[in-house]
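Reader: I have a new model open and would like to learn how to read its features. Could you walk me through it?

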Amino acid sequence: MPSGDDVFFLKRELEASLVKIASLEKENHELKQETSRLKAQINTLKAHDLERKSILWKKLQSTMDGGKVTEEPPQKPKLQIDVVPLKKSNSETPKPPPSPPQWLQRRVTAPPPPPPPVPSLSPVGSRTVRRAPAVMELYRSLMKRDSCIQKENKNSGTGGVVTVSCPRDMIGEIENRSTYVTSIRSDVEKYGERLNAVIREIESAVFMEISEVEAFVKWLDGELSCLVDERAVLKHFTHWPEPKADALREAAFTYRDLKNLQSEVLAFNTHNPLIQSLNKMQALQDRIESKISGLERTREGTSKRYKDLHIPWQWLMDTGLIGQIKLSSLKLARECMRRIAKELKCNASSSREGDLLLQGVRFAFRVHQFAGGFDTETMHAFEELKEIGSSRD
């Protein structure tokens with residue numbers, strides 16, 4: 001017979017193993033989400049490449065229909081474009097250099113790096129968020145009680161990606177058509193002065209707020225929209241500040257994507273049936289965690305790069321927009337627990353009450369770990385659900 005100390009030690013070891021298993025399951029779930037996100041990015045890039053090839057093909061067909069394409073020799077060497085000086089023509093007057101927004105016309109010297117933020121008790125903002133040990137205790141106890149229940153089947157299948165291949169020789173022939181090459185050369189000559197002015201604006205731009213970056217990128221995209229092929233034209237300008245231009249677009253897109261996600265969470269309000277509502281909450285929380293975890297993994301390098309390029313970076317910190325989104329996810333936890341508590345009160349004898357209680361506590365625990373704790377309102381919703389669960393024992 002094992003002694004009391006042996007039983008206590010084994011019990012503690014079992015509890016530690018259960019916590020470790022839960023942590024590994026969460027990490028595995030995050031890795032699967034990251035893999036899905038990367039696959040989606042690859043598919044988007046493939047679609048963009050196919051769209052570009054389709055546009056080139058349509059331009060070629062349109063030119064051939066107009067009878068403007070002449071027969072080329074069978075083995076025509078690849079045509080190289082040399083940048084020639086800007087030639088003024090009476091028939092075509094080049095567009096004058098762009099006039100940037102007024103807020104860009106002021107020159108701001110690079111400010112000294114701001115002091116490090118003062119440590120805060122709350123990692124997600126000014127609202128008080130504290131760790132709630134009761135959430136973890138109830139979660140572990142319910143996981144032990146339902147350890148014999150089969151785990152939910154997870155859909156691991158990935159949809160087939162339809163790949164469309166285009167012969168390399170055909171693409172090469174299209175890109176080397178005289179009409180396409182002439183268009184590139186024409187843009188280099190016609191918009192040379194305009195692009196040089198854009199380059200000077202990018203190199204000298206210093207931003208105080210991320211909203212200024214959004215406005216600048218909108219203006220930049222408008223200036224480059226006239227080019228027949230942006231990359232093909234800009235590669236002829238060896239002083240094009242590609243790292244800063246790409247970083248500006250990346251920052252503006254990421255910030256706008258986060259703001260849209262935050263608005264979706266704050267506006268979340270569903271009157272659908274319970275199970276459908278819970279599934280929507282789970283899906284929205286999946287998107288939040290996937291987006292935030294991806295940014296947090298690269299945050300150190302990204303913030304350093306933004307600092308070097310005079311791009312605002314504070315919104316990437318837990319005291320900025322990322323912290324606000326973590327705090328807003330508490331709304332989903334409150335909505336989930338309140339809906340389940342209401343269901344358990346109205347259907348006290350339901351055979352699904354154990355599953356619903358476990359689902360609510362599991363989701364609450366997940367948001368608790370993600371946000372770094374519960375605020376007062378969310379804690380009240382948890383206490384109500386816990387009280388209902390205790391009355392069922």
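Author: Gladly! Let's begin with the record: the unreviewed UniProt entry annotates a "coiled-coil region" over residues 14–48 and 244–298. UniProt positions follow the numbering used here, feature names are shortened, and annotations may be inferred rather than shown by experiment. As for the coordinates, this is a predicted model, where local features need pLDDT of at least 70, side-chain atom pairs count only at pLDDT 80 or more, and totals for chains, interfaces and linings use all residues. Residues are numbered from 1 along each chain as its sequence is written, and side-chain values use heavy atoms, with hydrogens and water left out.

Reader: What are the helix and strand percentages over residues 14–48?

Author: Helices (H or I, at least four residues) and strands (E, at least two) are DSSP runs, numbered from the N terminus. Residues 14–48 come out as 100% helix and 0% strand, and 51 Å separates the end C-alpha atoms.

Reader: How should I read helix packing?

Author: Two packed helices are described by the angle between their axes and the distance between the axes. Axes are lines fitted to C-alpha atoms, for helices over the stretch in contact, and angles run from 0 to 180 degrees between N-to-C directions. Here, helix 9 (residues 242–266) packs on helix 10 at about 150°, with the axes 12 Å apart. The two are therefore roughly antiparallel (under 35 degrees counts as roughly parallel, over 145 as roughly antiparallel, 65 to 115 as roughly perpendicular and the rest as oblique).

Reader: Which other helix packs with helix 10 at an angle of about 150°?

Author: Helix 11 (residues 321–328) does, with the axes 11 Å apart, so helix 10 and helix 11 are also roughly antiparallel to each other.

Reader: How many cavities does a search of the whole structure find?

Author: Two of 30 Å³ or more. On a 1 Å grid over the protein atoms alone, a cavity is a set of points where a 1.4 Å probe fits but cannot get out, and lining residues have an atom within 4 Å of a point. Grid points are joined across faces, edges and corners, and a volume is the space filled by probe spheres set on the points. The second largest cavity has a volume of about 30 Å³.

Reader: Which residues line the second largest cavity?

Author: L278, M281, Q282, C336, Q359 and F363. Helix 10 (274–308) and helix 13 (353–371) each give two or more residues to this lining, and helix 10 gives the most, with three.

Note on methods: On a 1 Å grid over the protein atoms alone, a cavity is a set of points where a 1.4 Å probe fits but cannot get out, and a pocket is an open set with protein on both sides within 12 Å along at least five of seven lines; lining residues have an atom within 4 Å of a point.
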